[in-house]
Amino acid sequence: RKLPVTYELQKKSGKARAGKITAPHGEIETPVFMPVGTQATVKTMTPEELESIGSQIILGNTYHLYLRPGDDLVAKFGGLHKFMNWNKPILTDSGGFQVFSLGSLRKITEKGVEFRSHIDGSKHTLTPEKSIHIQNNLGSDIVMLFDECPPGLSSREYIIPSIERTTRWARRCVEAHQRPDEQGLFAIVQGGIYEDLRDKSLNELSEMDSAFSGYAIGGLAVGEPREDMYRILDYIVEKCPENKPRYLMGVGEPLDMLEAVESGIDMMDCVQPTRIGRHGTVFTKYGRLVIKNASYAEDDRPLDEDCDCYVCRNFKRGYIRHLFKAEEVLGQRLATYHNLYFLLKLMKDARKAILEDRFKEFKDEFIKNYNMG
Ligand SMILES: CC#C[C@H]1NC(N)=Nc2cc3[nH]c(NC)nc3cc21
Ligand SMILES: [Zn+2]
């Protein structure tokens with residue numbers, strides 16, 4: 001059977017890859033950063049603005065949309081694309097991670113996860129079948145497996161049975177998928193910071209490879225030392241199938257993103273750029289900048305002198321600082337817009353460097369400058 005989401009490798013520069021993903025709602029040039037639109041919106045941005053800065057694909061969350069407004073209601077509007085007026089690809093996470101990080105966890109059983117809603121404390125159960133059916137209702141291009149997500153930095157004793165349960169749940173997800181020809185299913189490789197457990201997870205999932213359109217790496221950037229994350233990336237990413245996209249979940253710090261691309265990652269998502277943007281921290285070529293800092297009060301430079309985005313072409317640091325000090329919502333919008341543009345542009349420049357086989361030089365140059373901040 002033909003998978004609904006396919007990948008074409010276009011060029012390698014070391015282990016870094018430039019490629020093209022073809023999904024039902026459009027094509028995606030990789031490496032790609034995916035803005036997070038948890039509750040059917042990338043916070044403070046309109047779909048038109050997201051398109052104008054070059055967003056190719058955004059994320060939605062099963063956990064949140066199931067609790068509010070309900071996946072049945074979204075389905076009544078024709079699915080998530082129509083509901084939020086986003087006509088390019090959407091990837092939905094399965095709720096596996098959110099239920100652990102947001103919901104007040106009640107019980108994990110073989111059946112699934114019982115939790116209380118973070119919204120109104122009501123009791124719910126998410127199972128592999130329910131998560132897949134919610135994602136079918138949402139109509140996303142890419143559907144994530146419902147996995148058991150061990151707390152960050154878990155021990156081997158905890159992780160091993162957790163991997164085995166995630167593998168059993170993966171089989172149930174494959175079985176439960178109602179639209180395998182229209183929505184691509186991605187596997188999620190677990191295993192913490194242990195090479196042998198990463199192998200275990202990948203090998204068990206590879207038994208079902210024909211059902212998967214892509215492979216995600218979960219459980220990194222959860223508080224482990226940077227060198228552990230980079231060691232695991234360097235070990236496991238190249239072992240994932242070469243002909244399918246590789247997605248690193250929850251990574252959006254510029255230096256980590258370039259490290260991930262160097263290891264062979266194609267897709268990344270992170271709430272950071274939008275979250276820190278709303279609080280007045282922005283990315284610049286020389287590092288992060290906290291715009292509310294008094295030193296920017298009379299600064300008539302753009303946020304980033306090397307950025308050609310709408311915000312950097314039209315507004316000065318002193319003005320944006322004023323907006324934050326005055327708690328004007330435009331401040332949050334401008335900082336979010338710039339941060340998203342910065343990461344999207346970083347991936348676009350990385351792709352160009354890979355196509356010209358000079359990614360290592362590109363990465364080293366960026367790191368040299370970024371650390372000066
Ligand atoms: C263990 C595991 C795992 C992954 N499982 C699912 N379904 N979603 C995720 C979302 C994440 N966001 C971040 N941020 C650091 N890490 C994530 C990891 C996962
Ligand atoms: Zn900018």
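A nitrogen atom of ligand 1 sits 2.6 Å from an N or O atom in the side chain of Asp147. That is a polar contact, meaning a pair of N or O atoms within 3.5 Å; within protein, one must be able to donate a hydrogen and the other to accept it, and residues adjacent in sequence count only if both atoms are side-chain atoms. Asp93 also places a polar side-chain atom 2.7 Å from a nitrogen atom of ligand 1. For Ser94, the distance from a side-chain N or O atom to a nitrogen atom of ligand 1 is 3.4 Å. On its own, ligand 1 has 440 Å² of accessible area, and the protein covers 90% of that (Shrake-Rupley method, 1.4 Å probe; for residues, only the protein chains shown count as cover).

Before I go on, this is a predicted model: local features need pLDDT of at least 70, side-chain atom pairs count only at pLDDT 80 or more, and totals for chains, interfaces and linings use all residues. Residues are numbered from 1 along each chain as its sequence is written, chains are lettered from A and ligands numbered from 1 in the order written, and side-chain values use heavy atoms, with hydrogens and water left out.

Which residues come nearest to ligand 1? Of the 14 around it, they are Asp93, Phe97, Asp147, Gln190 and Ala221; a residue is near if one of its heavy atoms lies within 4 Å.

Now the metal. The zinc ion, ligand 2, is coordinated by Cys307 (SG), Cys309 (SG), Cys312 (SG) and His338 (ND1), at 2.1 to 2.3 Å. Donors are N, O and S atoms within 2.8 Å of the metal, or 3.2 Å for Na, K and Ca; water is not among the atoms, so sites may look incomplete. Along the chain, the zinc donors follow the spacing C-x1-C-x2-C-x25-H.

Cys307 and Cys312 are both buried, that is, under 20% relative accessible area, with exposed over 50% and partly exposed in between (1.4 Å probe, protein chains only). Cys309 counts as buried because its relative accessibility is 1%.

Last, disulfides, pairs of cysteine sulfur atoms within 2.5 Å: the structure holds 0. Cys270 is in none, and the nearest cysteine sulfur, that of Cys149, is 16 Å away.
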